[in-house]
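Please consult the sequence and the structure shown below while reading.

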Amino acid sequence: MCGIFGYVGKRTDAGTIAIEGLKNLEYRGYDSWGIACTAGKELTVSKDIGPIGGIRSEDFSAPCSLAVAHTRWATHGGVTQRNAHPHLSEDGSIAVVHNGIVENYLELRRDLKEKGHTFQSETDTEVIPHLIEEELKKCGDFAEAVRNACLHFDGRYAILALHTGSNMLVAARTGSPLIVGVEKTDGVLNGYFIASDIPAFMKHTRIVQYLDDGEMVATDGKMIRFQDIKTGEVREKREISITYHIEQSQKGDFEHFMLKEIMDQKESVTRAVNQDEGEIRTIAEAILRAKGTFLVGCGTAAKACMAAEYFFSVVAEHHVNFAPASEFKLFHHFLKPESLLIVVSQSGETADVLEAMRIARDKGSKVLAIVNVEGSTIDREADYTLLINVGQERAVASTKALTGQLAVLLLIAYAMGERLKEGRTLLLETASTINDMLNPRFVERLEVLAAKIHKNENLFIIGKSWNYPMAMESAIKIQEVSYVHAEGFAGGELKHGPIALIEEGTPCIVLTGNDEALQDILSNAQELKARGAFIIGVGPTKFDIFDEWIKVPDAGSAQAILNIIPIQVLAYFLAVKRGKNPDMPRNLAKSVTVK
Ligand code: F6R
């Protein structure tokens with residue numbers, strides 16, 4: 001949440017670089033944006049509300065070699081130009097961008113006001129440059145002033161500060177991600193980037209250095225120094241070359257990243273399935289051996305965890321426990337050193353998941369991470385990581401990450417049942433079915449269906465077995481991009497309350513498979529139909545009860561992976577038909593780094 005970008009070095013187009021970098025970080029927040037850049041003593045600041053997408057980077061081409069920039073997901077203070085970052089010190093020489101929350105900002109603000117500081121915004125962030133300014137007066141060294149200021153802050157944050165006087169960038173993190181990009185030409189250093197995410201500077205360099213929690217970094221473009229925030233002790237950092245490609249993060253011919261990423265599933269599931277068999281077997285054995293396995297994730301990733309409960313039960317006859325990561329704290333009594341926590345996360349930065357990992361580690365339990373973003377905090381902090389390899393996911397609504405997570409979890413379930421080869425074959429067949437299924441006629445049918453139902457304000461989805469978490473996931477997808485009130489239920493639960501919501505013509509999606517749950521879910525569909533619902537069946541077989549049928553090939557125990565895909569497409573077109581931008585759903589941001 002919130003995207004941070006900074007540059008210092010030999011280049012004189014830091015403003016243009018920063019705006020371009022921000023555009024690649026916009027998925028982290030798009031309430032407002034801002035930039036501060038300087039070529040020497042003068043600081044130029046521009047900020048505004050709304051997304052940065054339409055801003056021309058050429059408008060920031062005045063020569064400068066030091067810049068910080070920010071795209072905001074508001075926490076403290078409304079979405080106004082004044083509250084947009086960067087925020088400045090009293091004397092205007094220090095500019096700060098910030099991701100996270102300074103929990104004790106009211107107290108700090110009061111103390112600073114007593115010292116004569118004036119505040120322009122309602123944000124927690126604004127205390128940061130003012131406090132750094134006070135510390136700078138005492139010690140005269142910008143990096144040390146930032147470090148001393150950080151010692152006063154409570155909460156989880158990432159900050160990036162520039163100072164015109166010393167021509168330096170200083171960044172610090174205690175919870176939100178920050179990565180340094182090192183730009184060299186023929187081995188000669190050009191400068192440094194500091195950002196919330198690698199794609200922000202990937203166009204310029206593939207050499208990175210990661211900041212860990214509790215660390216800070218200071219650079220003037222020629223030297224760089226990493227330190228522990230608390231002790232000031234200098235830390236050595238390795239330069240790491242990243243391997244994935246920038247093309248994966250571009251929209252290409254698609255109007256929206258969401259549709260592009262849905263289409264990426266034609267080949268991303270194959271990449272997720274192509275795991276090292278030895279590694280999958282080792283993980284399967286670890287789960288079978290563990291005294292208690294817990295699966296946690298948030299949102300869509302949590303639905304993958306829920307589906308895995310069914311995979312492990314049906315395919316491997318092995319019980320595991322699931323909790324949304326934000327609820328996991330309450331189950332810590334059951335963790336032992338021999339327990340295993342499996343965390344599932346696309347971004348690898350979700351605050352609630354990181355907290356669950358820390359709880360598990362405090363109990364001495366091991367953590368297996370199933371993540372998409374290599375080098376993310378969850379990847380680096382886990383005892384063992386399995387990458388789903390689906391490429392960068394930029395749309396806020398998670399699509400290809402989910403099918404990658406489901407594929408990997410089902411593969412593990414097959415390995416646990418000593419049927420790894422069978423599972424791999426099934427999943428590779430399913431992946432190739434996705435390629436056939438996502439043809440123009442299929443997509444067009446869903447567009448027509450969206451046009452038919454897009455004026456309905458309520459929509460319900462039911463499923464049973466692994467289709468139950470997919471019903472819940474369908475609801476998330478539809479809610480977040482189209483703002484239709486959608487809810488997903490276990491089919492059998494309807495008659496215990498939710499059925500009261502059904503009226504004549506209410507669209508109800510019924511997720512089916514050729515499995516033992518089929519007859520039950522069809523009975524549930526009958527109960528809906530009897531109350532006037534408009535039934536949209538999704539699955540391999542057409543039944544008379546369906547008013548509309550979205551044909552999805554039979555995939556056996558991988559049916560959940562196929563069934564969710566038409567719902568992703570439907571959600572996308574519901575958003576478009578309702579005039580919403582599916583890539584920028586209101587109130588949301590990708591990578592939820594606050595609790
Ligand atoms: C919904 C969505 C979110 C994420 C959730 C967890 O489409 O994307 O619900 O699934 O915020 O994010 P990660 O997987 O990055 O931990």
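Of the 595 residues in the protein, 62% are buried, where buried means under 20% relative accessible area, exposed over 50%, and partly exposed in between (1.4 Å probe, protein chains only). The model is predicted, so local features need pLDDT of at least 70 and side-chain atom pairs count only at pLDDT 80 or more, while totals for chains, interfaces and linings use all residues. Residues are numbered from 1 along each chain as its sequence is written, and side-chain values use heavy atoms, with hydrogens and water left out.

The protein contains 15 helices and 25 strands; these are DSSP runs numbered from the N terminus (helices H or I, at least four residues; strands E, at least two). Its radius of gyration is 25 Å, close to the 25 Å that the globule rule gives for 595 residues, so the protein is as compact as a globular protein of that length. The radius is taken over C-alpha atoms, and the rule is 2.2 Å times the number of residues to the power 0.38. The C-alpha trace spans about 75 × 50 × 50 Å along its principal axes.

There are 33 salt bridges, each a side-chain nitrogen of Lys or Arg within 4 Å of a carboxyl oxygen of Asp or Glu. Three of them are tabulated here.

| Pair | Closest N and O atoms |
|---|---|
| Arginine 380 and aspartate 212 | 2.5 Å |
| Lysine 452 and glutamate 548 | 2.6 Å |

Lysine 452 in helix H12 (residues 440-453) and glutamate 548 in strand E25 (residues 548-551) link distant parts of the chain, 96 residues apart. Glutamate 548 is buried, at 13% relative accessible area. By contrast, arginine 281 and glutamate 277 both lie in helix H6 (residues 277-289), four residues apart, about one turn of the helix. Arginine 380 and aspartate 212 belong to a network of salt bridges that also links Glu215, Asp228, Arg235 and Lys237.

A ligand has 15 residues around it, of which Ser345, Gln346, Ser347, Thr350 and Glu480 come nearest; a residue is near if one of its heavy atoms lies within 4 Å. An oxygen atom of the ligand is 2.5 Å from an N or O atom in the side chain of glutamate 480. The protein buries 87% of the 410 Å² that the ligand exposes when taken alone, with accessible areas from the Shrake-Rupley method using a 1.4 Å probe.

Terms used
Polar contact = N/O pair within 3.5 Å; in protein donor to acceptor, adjacent residues only side chain to side chain.
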